[in-house]
Amino acid sequence: TKGFSLAICCKHCPRMIEWTPPELLEKFEGKLDLKLADLVPRLSCSGEEGCGSKEVTVFPHLYDGEWRWPPA
């Protein structure tokens, strides 16, 4: 019932976002084997609250909510 989410932290401002397991499945369905090393260069601190920096840190974060991968 527990999985990991993906935490994305900006190196230039205090912003941190979390992509939960359901969000990861929605964003990367069919690409779940994508390596973090390939993903990180494509990320930036964007959006209304973002500072625009392309320097971010990404790491797995224990997700406390109930969640299961859908059956294959």
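Okay, a definition to start: helices here are DSSP runs of H or I with at least four residues, strands are E runs of at least two, and both are numbered from the N terminus. On that basis the chain has 2 helices and 3 strands, and along the sequence they come as β-β-α-α-β.

A word on where this comes from: it's a predicted model, where local features need pLDDT of at least 70, side-chain atom pairs count only at pLDDT 80 or more, and totals for chains, interfaces and linings use all residues. Numbering runs from 1 along each chain as its sequence is written, and side-chain values use heavy atoms, with hydrogens and water left out.

Of the 72 residues, 29% count as buried, meaning under 20% relative accessible area with a 1.4 Å probe and protein chains only; exposed is over 50%, and partly exposed is in between.

So, two serines. Ser5 sits in strand β1, residues 3-10, and is buried at 2% relative accessible area. Its side chain makes a polar contact with the side chain of Glu18, at 2.4 Å. By polar contact I mean N or O atoms within 3.5 Å, one able to donate a hydrogen and the other to accept it, with sequence neighbours counting only if both atoms are side-chain atoms. Ser53, in the loop between α2 (36-39) and β3, is buried too, at 12%. A polar atom of the Ser53 side chain lies 3.0 Å from the backbone nitrogen of Glu55.

Back to Glu18, then. What does Asp64 gather into with Glu18, Glu23 and Glu26? A patch of negative charge on the surface. Patch residues have over 30% relative accessible area and no salt bridge, with like charges joined within 9 Å. Asp64 itself follows β3 (56-63) and is exposed, at 62%.

Terms used: Patch = residues over 30% accessible without salt bridge, like charges linked within 9 Å, V, L, I, M, F, W, Y side chains within 5 Å. Areas by Shrake-Rupley, 256 points an atom, 1.4 Å probe, with all protein chains shown as cover. Salt bridge = Lys/Arg side-chain N within 4 Å of Asp/Glu carboxyl O. Lys, Arg positive; Asp, Glu negative; His and termini not counted. Charge placed at Lys NZ, Arg CZ, Asp CG, Glu CD.
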